[in-house]
Amino acid sequence: MSYVRVATEEAYAPPEMVAMYLELLDQPGVDPGFESLMGFYLRSEAEKPRTVRRRLQDLGEERLADMDAAGVGHAVLSLTTPGTQILDPARAREIAVIANERIAEACRRYPDRFSGLAAVGFEDAPSAVAELERGVKELGLKGLICNSHIKGHYLDEERFFPILEAAEAFGAPIYLHPQTPPAAMIKPLLDAGLDGAIFGFGVETGMHLLRLIVRGVFDRFPGLKVVVGHLGEALPYWLYRLDYMHGVQVRAKRYAGSKPLELKPSEYFRRNIWLTTSGMAWAPAIMFCREVVGADRVMYAMDYPYQYAPEEVAAQDALPISPDELRRFYQTNAVDLFGLDVPSAGAGNGGPR
């Protein structure tokens, strides 16, 4: 059984955005999460951040060579965290256009190797809808990247509904990617060095996804598709308790924001939500997620370049599943969800090594 390994959470940063980020880092009152994350990756001279910032800005030979070395045949590219979300509306629109053009050009140059997701400036919903439509219909991009909160605001707020409505109408999955928690919740995490990928990413992004569920977003937009990395930011482990406690809260009318839903919280994971293995190449967790949300809902991602670890590919090759199931995990689920045009496996194009 041959297959192409499709990596679905692979980050890109236009040099123009890097320059804007460096400018923001010099300003007083900078967001503490942004300073912790991008202050490290853009200013530290340690080996890892130097390598990451170089790889982030490459859409050509180095990235392709790294993919080949890991056996990855196809990458779904998206704007790195925090993306446009930290910028003012005008700069957010500018960077979204630049990123979309660059990613689309890379997809045209290497159609067998790259697909991409569109970026938008979320604070200006009309322009966001227009840019998403341009990205999907004109540039051939396959979905929308949302690097979680927008300056402490979340997609369950009505101001963002036009964007969600457009994503549903265009059949464009939204990849809900982490960033550091907003200033209102970061302090105890930052104090202990837990604000980033080690824990804070999952806390913040898992909460974002839960807000979408319990605030009724998936009832309002039943065709909306949301993708979450890191095996769902630990939420699959909590599904039983989420169902139980949400039901208790609704019956008790404890919170104004906790309303009856059409489905149990866990059931939206089987209708509207897909998970990727970015940063979580751990067989017990992967197999658990496949069991509780369905094998058709779990797919591969590398998290390049932040967690470029070719040995993790071999670990996932060894999952205790059949060759046909491995093909679904690596290729078919992503192709079906994003509508990818992925060629058959061959030399330099993934497949069993």
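This report describes a strand pair, a helix pair and the cysteines of a predicted model.

## Strands S1 and S2

Strand S1 spans residues 6-12 and is mostly covered, with 7 of its 7 residues buried. Its partner is strand S2, residues 74-79, to which S1 is joined by 5 bridges. The two strands run parallel. Within this pairing, alanine 7 stands opposite alanine 75 of S2.

In a regular strand, side chains alternate between the two faces of the sheet.

## Helices H3 and H4

Helix H3 covers residues 47-56, and helix H4 covers residues 61-70. Their axes come within 9 Å and cross at roughly 110°. Because angles of 65 to 115 degrees count as roughly perpendicular, H3 and H4 are described as roughly perpendicular to each other.

On the H3 side, the contact involves Arg54, Arg55 and Leu56; on the H4 side, Glu62, Arg63 and Asp66 take part. By class, this contact of H3 with H4 has 5 charged residues, 1 nonpolar residue and no polar residues.

## Cysteines

A disulfide is a covalent bond between the sulfur atoms of two cysteines. The count of disulfides in the model is 0. Cysteine 146 is accordingly in no disulfide; the nearest cysteine sulfur belongs to cysteine 107 and is 20 Å away.

Cysteine 146 is buried, with a relative accessible area of 0%. Cysteine 289 is also buried, and its relative accessible area is 3%.

How values were computed:
Residues are numbered from 1 along each chain as its sequence is written. This is a predicted model: local features need pLDDT of at least 70, side-chain atom pairs count only at pLDDT 80 or more; totals for chains, interfaces and linings use all residues. Side-chain values use heavy atoms; hydrogens and water are left out. Buried means under 20% relative accessible area, exposed over 50%, partly exposed in between (1.4 Å probe, protein chains only). Helices (H or I, at least four residues) and strands (E, at least two) are DSSP runs, numbered from the N terminus. Two strands pair if DSSP finds at least two bridges between them. A disulfide is a pair of cysteine sulfur atoms within 2.5 Å. Axes are lines fitted to C-alpha atoms, for helices over the stretch in contact, and angles run from 0 to 180 degrees between N-to-C directions. Angles under 35 degrees count as roughly parallel, over 145 as roughly antiparallel, 65 to 115 as roughly perpendicular and the rest as oblique. Contact means heavy atoms within 4.5 Å. Ala, Val, Leu, Ile, Met, Phe, Trp, Tyr, Cys and Pro count as nonpolar, Asp, Glu, Lys and Arg as charged, and the others, Gly among them, as polar.
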